[in-house]
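This briefing covers one protein chain, topic by topic. Please keep the sequence and the model in view while reading.

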Amino acid sequence: GTVDKIIERCTNESAPDNNFVDTFLLTYRTFITPSVLLEKLFNRYNLEEPENKDDVIAQNQFLEARRIIRLRVGNIIKRWLSHHFHDFYDNDAILNRLKEIVESSYGYNDN
């Protein structure tokens with residue numbers, strides 16, 4: 001599948017598959033860079049709301065799905081940092097981008 005579809009599968013709101021995520025984190029470097037992966041995870045985290053906001057039931061379902069997807073994205077980043085820290089070692093660009101993402105997503109700033 002495409003990288004975006006693989007990211008969707010890794011962050012599926014229905015059923016997490018940690019074996020799939022672990023395999024992906026071991027092999028993704030053969031087809032994308034760590035920087036591209038980080039951006040794709042950030043894009044998935046920022047899933048856009050549906051245009052029809054009048055349908056309250058659909059809106060509530062979307063908000064719940066997005067909440068779960070965001071947790072899954074956070075868990076993937078945690079696994080990535082814990083088990084594949086070498087992708088971040090001596091890579092100031094990706095570390096700075098991760099910091100920017102955290103600050104923009106969570107309003108956190110250590111300055």
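The mean positions of the 14 positive and 18 negative charges of the protein chain lie 4 Å apart. Lys and Arg count as positive and Asp and Glu as negative, while His and the chain ends are not counted. Each charge is placed at NZ of Lys, CZ of Arg, CG of Asp or CD of Glu.

This is a predicted model, in which local features need pLDDT of at least 70 and side-chain atom pairs count only at pLDDT 80 or more, whereas totals for chains, interfaces and linings use all residues. Residues are numbered from 1 along each chain as its sequence is written, and side-chain values use heavy atoms, with hydrogens and water left out.

**Overall build**

- The protein chain has 5 helices and 0 strands, in the order α-α-α-α-α along the sequence.
- Helices (H or I, at least four residues) and strands (E, at least two) are DSSP runs, numbered from the N terminus.
- Taken along the principal axes, the C-alpha atoms of the protein chain fill a box of roughly 50 × 40 × 20 Å.
- Of the 111 residues of the protein chain, 31% count as buried; buried means under 20% relative accessible area, exposed over 50%, and partly exposed in between (1.4 Å probe, protein chains only).
- The protein chain has an accessible surface of about 7400 Å², and carbon and sulfur atoms account for 51% of that surface.
- Accessible areas come from the Shrake-Rupley method with a 1.4 Å probe, and for residues only the protein chains shown count as cover.
- Among contacts in the protein chain between residues at least 6 apart in sequence, 63% join residues at least 24 apart; a contact means heavy atoms within 4.5 Å.

**Largest pocket**

- The largest pocket holds about 150 Å³ of space.
- Helix 3 (34-45), helix 4 and helix 5 are the elements that each give two or more residues to the lining of this pocket.
- Helix 5 gives the most to the lining, with 5 residues.
- Lining residues of the largest pocket are L41, F42, Y45, V73, G74, I77, L98, I101, V102, S105 and Y106.
- On a 1 Å grid over the protein atoms alone, a pocket is an open set of points where a 1.4 Å probe fits, with protein on both sides within 12 Å along at least five of seven lines; lining residues have an atom within 4 Å of a point.
- Grid points are joined across faces, edges and corners, and the volume is the space filled by probe spheres set on the points.

- V3 is placed in helix 1 (residues 3-10) and counts as buried at 17% relative accessibility.
- Not counting residues up to four places away in sequence, V3 touches F31, I32 and K40.
- V3 and Y28 are 25 residues apart in sequence, and their C-alpha atoms are 8.9 Å apart.
- L37 is found in helix 3 and is buried, with a relative accessible area of 0%.
- With residues up to four places away in sequence left out, L37 touches I7, F24, L25, Y28, I32 and W80.
- The C-alpha atoms of L37 and D4 are separated by 9.6 Å, although the two residues are 33 residues apart along the chain.
- N43 also lies in helix 3, but N43 is exposed, with a relative accessible area of 52%.

**Loops on either side of helix 4**

- P50 lies in the loop between helix 3 and helix 4 and is partly exposed, with a relative accessible area of 31%.
- P50 touches Q59 and F62, not counting residues up to four places away in sequence.
- P50 and D87 are 37 residues apart along the chain, and their C-alpha atoms are separated by 34 Å.
- D90 sits in the loop between helix 4 (56-83) and helix 5 (92-106).
- D90 has a phi near 55°, a positive value in a residue other than glycine.
- D90 counts as exposed at 67% relative accessibility.
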